[in-house]
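Q: Hi! I've just opened this one and I'm new to it. Could you walk me through it?

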Amino acid sequence: MRFMLQVRANRDSEAGKMPSRELIAAMGRFNEAMMQAGIMLTGEGLHPSSKGARVSFAGGKPSVAQGPFPDTELVSGFWIIQVGSKEEAIDWARRVPFEDGVIEIRQVFEASDFPADILPPEEAAREQAWRDEQQGKTAPRA
(Lines give C-alpha, C1' and ligand atoms only; values in the text may rest on other atoms or scores of the structure.)
Protein backbone atom coordinates (compact mmCIF):
# COMPACT_ATOMS: atom_id res chain seq x y z
CA MET A 1 0.00 0.00 0.00
CA ARG A 2 1.17 3.49 -0.79
CA PHE A 3 0.62 6.36 1.59
CA MET A 4 1.26 10.07 1.28
CA LEU A 5 2.56 11.74 4.42
CA GLN A 6 1.63 15.41 3.99
CA VAL A 7 3.51 18.01 6.00
CA ARG A 8 1.22 20.91 6.86
CA ALA A 9 2.47 24.42 6.17
CA ASN A 10 3.01 26.84 9.02
CA ARG A 11 3.78 30.55 9.38
CA ASP A 12 7.51 29.98 8.79
CA SER A 13 7.14 27.77 5.71
CA GLU A 14 4.59 30.16 4.20
CA ALA A 15 7.02 33.05 4.82
CA GLY A 16 9.68 31.14 2.86
CA LYS A 17 11.88 30.68 5.94
CA MET A 18 14.32 27.85 5.43
CA PRO A 19 14.55 25.10 8.06
CA SER A 20 17.57 25.07 10.34
CA ARG A 21 20.74 23.25 9.38
CA GLU A 22 20.05 20.84 12.25
CA LEU A 23 16.55 20.03 11.00
CA ILE A 24 17.84 19.49 7.45
CA ALA A 25 20.44 17.06 8.82
CA ALA A 26 17.83 15.24 10.92
CA MET A 27 15.49 15.03 7.93
CA GLY A 28 18.34 13.61 5.85
CA ARG A 29 18.87 10.88 8.44
CA PHE A 30 15.12 10.17 8.53
CA ASN A 31 14.94 9.96 4.73
CA GLU A 32 17.97 7.67 4.70
CA ALA A 33 16.31 5.37 7.25
CA MET A 34 13.21 5.14 5.05
CA MET A 35 15.35 4.45 1.95
CA GLN A 36 17.30 1.75 3.79
CA ALA A 37 13.99 0.20 4.88
CA GLY A 38 12.97 0.20 1.21
CA ILE A 39 9.74 2.14 1.77
CA MET A 40 10.44 5.65 0.49
CA LEU A 41 9.26 6.23 -3.07
CA THR A 42 9.68 10.01 -3.08
CA GLY A 43 9.72 13.00 -0.78
CA GLU A 44 9.91 16.71 -1.43
CA GLY A 45 9.47 20.08 0.21
CA LEU A 46 7.32 22.72 -1.45
CA HIS A 47 7.83 26.43 -1.94
CA PRO A 48 5.34 28.70 -0.13
CA SER A 49 1.89 29.19 -1.62
CA SER A 50 2.89 32.74 -2.60
CA LYS A 51 4.86 31.14 -5.45
CA GLY A 52 1.95 28.93 -6.48
CA ALA A 53 -1.38 29.14 -8.24
CA ARG A 54 -4.71 27.42 -7.72
CA VAL A 55 -6.96 26.27 -10.55
CA SER A 56 -10.63 25.98 -9.54
CA PHE A 57 -13.45 24.58 -11.65
CA ALA A 58 -17.07 25.70 -11.68
CA GLY A 59 -19.50 24.58 -14.36
CA GLY A 60 -16.65 22.91 -16.25
CA LYS A 61 -14.70 26.17 -16.56
CA PRO A 62 -11.31 26.67 -14.93
CA SER A 63 -10.33 29.86 -13.14
CA VAL A 64 -6.85 30.64 -11.85
CA ALA A 65 -5.95 32.38 -8.59
CA GLN A 66 -2.38 33.33 -7.78
CA GLY A 67 -0.99 32.63 -4.31
CA PRO A 68 -0.57 33.22 -1.47
CA PHE A 69 -3.53 31.31 -0.11
CA PRO A 70 -5.01 31.94 3.33
CA ASP A 71 -5.84 28.29 4.00
CA THR A 72 -4.70 26.75 7.24
CA GLU A 73 -4.50 23.33 5.59
CA LEU A 74 -1.77 24.03 3.04
CA VAL A 75 0.86 21.38 2.35
CA SER A 76 4.53 22.35 2.60
CA GLY A 77 6.07 18.96 1.83
CA PHE A 78 5.37 15.28 1.44
CA TRP A 79 6.65 11.76 1.28
CA ILE A 80 5.14 8.87 -0.62
CA ILE A 81 5.96 5.61 1.04
CA GLN A 82 5.06 1.99 0.35
CA VAL A 83 4.29 0.01 3.48
CA GLY A 84 2.06 -2.89 4.51
CA SER A 85 -0.55 -0.99 6.51
CA LYS A 86 -1.80 2.35 7.74
CA GLU A 87 -0.37 1.47 11.16
CA GLU A 88 3.10 1.12 9.63
CA ALA A 89 2.68 4.50 7.91
CA ILE A 90 1.71 6.01 11.27
CA ASP A 91 4.79 4.44 12.89
CA TRP A 92 7.02 6.09 10.28
CA ALA A 93 5.23 9.45 10.64
CA ARG A 94 5.87 9.33 14.39
CA ARG A 95 9.60 9.19 13.65
CA VAL A 96 9.68 12.48 11.68
CA PRO A 97 12.14 14.72 13.56
CA PHE A 98 9.81 17.71 14.05
CA GLU A 99 9.52 19.78 17.22
CA ASP A 100 6.14 21.18 16.09
CA GLY A 101 3.88 20.54 13.14
CA VAL A 102 1.26 18.28 11.64
CA ILE A 103 1.57 15.34 9.28
CA GLU A 104 -1.55 13.99 7.61
CA ILE A 105 -1.47 10.41 6.35
CA ARG A 106 -3.55 9.51 3.32
CA GLN A 107 -3.64 6.22 1.43
CA VAL A 108 -3.02 6.52 -2.31
CA PHE A 109 -5.59 4.85 -4.56
CA GLU A 110 -4.35 1.83 -6.48
CA ALA A 111 -5.94 0.62 -9.71
CA SER A 112 -7.09 -2.47 -7.81
CA ASP A 113 -9.20 -0.27 -5.50
CA PHE A 114 -11.66 0.46 -8.31
CA PRO A 115 -14.46 -1.95 -9.22
CA ALA A 116 -14.29 -3.47 -12.71
CA ASP A 117 -17.39 -1.55 -13.86
CA ILE A 118 -15.55 1.74 -13.19
CA LEU A 119 -12.02 0.71 -14.20
CA PRO A 120 -12.05 -2.40 -16.42
CA PRO A 121 -9.23 -4.91 -15.70
CA GLU A 122 -7.43 -4.21 -19.00
CA GLU A 123 -7.36 -0.47 -18.23
CA ALA A 124 -6.22 -1.19 -14.65
CA ALA A 125 -3.39 -3.36 -16.02
CA ARG A 126 -2.37 -0.62 -18.46
CA GLU A 127 -2.41 1.94 -15.61
CA GLN A 128 -0.26 -0.32 -13.41
CA ALA A 129 2.20 -0.98 -16.24
CA TRP A 130 2.56 2.78 -16.77
CA ARG A 131 3.18 3.33 -13.03
CA ASP A 132 5.75 0.52 -12.93
CA GLU A 133 7.49 2.04 -15.96
CA GLN A 134 7.57 5.45 -14.26
CA GLN A 135 9.16 3.94 -11.18
CA GLY A 136 11.81 2.22 -13.31
CA LYS A 137 10.53 -1.26 -12.57
CA THR A 138 10.15 -2.25 -16.21
CA ALA A 139 11.59 -1.28 -19.56
CA PRO A 140 9.81 1.53 -21.43
CA ARG A 141 7.06 0.49 -23.80
CA ALA A 142 7.90 0.55 -27.51
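Predicted model: local features only at pLDDT ≥ 70, side-chain atom pairs only at ≥ 80, totals over all residues.

Q: Great, sheet to begin with. In what order do the four strands come?
A: The order is S2-S5-S1-S6, in an open sheet with antiparallel pairing.

Q: Which strands stand at the edges?
A: Those are S2 (40-45) and S6 (103-107). Each has a single partner strand, so one side of each is left without a neighbour in the sheet.

Q: And how many degrees are neighbouring strands turned against each other?
A: On average 15 degrees, ignoring direction.

Q: Which strands does helix H2 touch?
A: H2, residues 21-36, packs on the sheet and touches S2 and S5. The direction of H2 makes about 25 degrees with that of S5.

Q: OK, new topic. How much space lies in the largest pocket?
A: About 1000 Å³. The pocket is lined by 33 residues, and the closest to its centre are Ser13, Lys17, Pro19, Leu23 and Ser76.

Q: Which element supplies the largest share of that lining?
A: Helix H2 does, with six residues. Strand S1 (2-8), helix H1 (11-14), H2, S2 and S5 each supply at least two.

Q: What does the lining look like by class?
A: There are 14 nonpolar, eleven polar and eight charged residues.

Q: Now some single residues. Is Phe30 buried or exposed?
A: Phe30, which lies in helix H2, is buried: its relative accessible area is 5%, and the cut-off for buried is under 20%.

Q: What does Phe30 touch, leaving out residues up to four places away in sequence?
A: Phe30 touches Trp79, Trp92, Arg95, Val96 and Pro97. Val96 is 66 residues from Phe30 in sequence, yet their C-alpha atoms are 6.7 Å apart in space.

Q: And Leu5, where does that lie?
A: Leu5 is in strand S1. Leu5 is buried too, with a relative accessible area of 0%.

Q: Which residues is Leu5 in contact with, beyond four places in sequence?
A: Among them are Gly77, Phe78, Trp79 and Ile81, along with Ala89, Ala93 and Ile103.

Q: How far is Leu5 from Asp71?
A: They are 66 residues apart along the chain, and their C-alpha atoms are separated by 19 Å.

Technical notes
Residues numbered from 1 in each chain as written. Heavy atoms only, no water. Pairing = 2+ DSSP bridges. Axes fitted to C-alpha atoms, helices over the stretch in contact; angles between N-to-C directions. Contact = heavy atoms within 4.5 Å. 1 Å grid on protein atoms, 1.4 Å probe; cavity = no way out; pocket = protein on both sides within 12 Å on 5 of 7 lines; lining within 4 Å. Points joined across faces, edges and corners; volume = space filled by probe spheres on them. Nonpolar A, V, L, I, M, F, W, Y, C, P; charged D, E, K, R; others polar. Buried < 20%, exposed > 50% of the residue type's maximum accessible area, 1.4 Å probe, protein only.
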